[in-house]
Amino acid sequence: MDTTARRRAPEDTRAQIIEKALEVAAERGASGFTLDAVAARTTVSKGALLHHFPTKIALLEGMIDHLGQMHTDGILAQAARDPEPYGRSARAYLRATVTEPVTPQDVSIGRVVMAACAIEPALAQRWRTWIDRVKVDDPSDPVGADDALMLRLLADGLWVSDLFGVHDVSPDQRQALLSLLTPGHPITANEA
């Protein structure tokens, strides 16, 4: 029997485990997110899962890195399309939060990640590291830096509201929020 056909590249196995972990998080939420639930969902044994992610924290780190990479890539792609360099990363951060549709699965995954970050400070630091990658082009002058921070805080507040259903914000209201910040505002000018 040819065993090479059955072997997978470790990065492919890790990616598959992370995708299945995200599915479990989306379906079961924080209380149902366990290594056993993830192992049952994957095509690998629990031993193989533990080889790649020896602890639940290690799996959550992998999930945060995966989500952070997706989030960062999306923001940087939006920023690259913005013709005005001044404040473009902050505008892209806000646009990514305001314009992306929020699904029930996104909410459940976000709650799992937020709960994990609240319990384990190293996970929160890991997420901050991803966010810091999209802040490198922020304005350094005091007004511009404050404006960029304001946009990020607005985006984060909307994200938390989405996670916990604090406010029911329609797509039209999301667009109005983005437009409200546009006129004459040095950071949000030139919205596409």
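**Close-up views of the predicted model**

View 1. The model is predicted, so local features are given only at pLDDT of at least 70 and side-chain atom pairs only at pLDDT 80 or more, whereas totals for chains, interfaces and linings use all residues. Residues are numbered from 1 along each chain as its sequence is written, and side-chain values rest on heavy atoms, with hydrogens and water left out. Glu61 forms a salt bridge with Arg126, at 3.8 Å from N to O; the term denotes a side-chain nitrogen of Lys or Arg within 4 Å of a carboxyl oxygen of Asp or Glu. Because Arg126 belongs to helix α7 (residues 121-133) and Glu61 to helix α4 (residues 56-81), this pair ties together parts 65 residues apart in sequence. Helices are DSSP runs of H or I with at least four residues and strands are runs of E with at least two, numbered from the N terminus. A salt bridge also joins Arg126 to Asp65, with an N to O distance of 2.8 Å. Asp65 is in helix α4 and Arg126 in helix α7, so here the linked parts are 61 residues apart in sequence. Arg126 is partly exposed at 28% relative accessibility, and Asp65 is partly exposed at 24%.

**View 2. The salt bridge of Arg95 and Asp82.** The closest N and O atoms of Arg95 and Asp82 are 3.7 Å apart. Arg95 is in helix α5 (residues 88-99) and Asp82 in the loop between α4 and α5, so that the pair links distant parts of the chain, 13 residues apart. Both Arg95 and Asp82 are buried.

**View 3. A salt-bridge network.** Salt bridges link Lys20, Glu23, Glu27 and Arg41 in a network. The structure holds eleven salt bridges.

**View 4. The largest nonpolar core.** This core has 29 residues, of which Ile17, Phe33, Val38, Leu59, Leu60, Met63 and Ile109 touch the most other members. A nonpolar core is a set of buried Ala, Val, Leu, Ile, Met, Phe, Trp, Tyr and Cys residues joined through side-chain atoms within 4.5 Å. At least two residues of the core come from each of α1 (10-28), α2 (35-41), α4, α6 (104-119) and α7. Helix α1 gives the most, with seven residues.

**View 5. The surroundings of Arg152.** Arg152 is placed in helix α8 (residues 142-164). Its relative accessible area is 5%, and the residue is therefore buried. Residues up to four places away in sequence aside, Arg152 touches Ser89, Ala90, Tyr93, Val134, Lys135 and Asp138; contact means heavy atoms within 4.5 Å.

**View 6. Pro101 and Ser170.** Pro101 is found in the loop between α5 and α6. With 64% relative accessibility, Pro101 counts as exposed. Although Pro101 and Ser170 are 69 residues apart along the chain, 10.0 Å separates their C-alpha atoms.

**View 7. Ala115 and Ala30.** Helix α6 contains Ala115, which is partly exposed at 29% relative accessibility. From C-alpha to C-alpha, Ala115 and Ala30 are 7.2 Å apart in space, and they are 85 residues apart in sequence.

**View 8. The whole chain as context for the close-ups.** The protein has nine helices and zero strands, and the C-alpha trace spans about 65 × 35 × 30 Å along its principal axes. Of its 192 residues, 40% count as buried. Contacts between residues at least 24 apart make up 70% of those joining residues at least 6 apart in sequence. The accessible surface is about 10,500 Å², with 58% belonging to carbon and sulfur atoms; areas come from the Shrake-Rupley method with a 1.4 Å probe, and for residues only the protein chains shown count as cover. There are 20 positive and 26 negative side chains, and the centres of the two sets lie 8 Å apart. Lys and Arg count as positive and Asp and Glu as negative, while His and the chain ends are not counted; each charge is placed at NZ of Lys, CZ of Arg, CG of Asp or CD of Glu.

Definitions and conventions. Buried means under 20% relative accessible area, exposed over 50%, partly exposed in between (1.4 Å probe, protein chains only).
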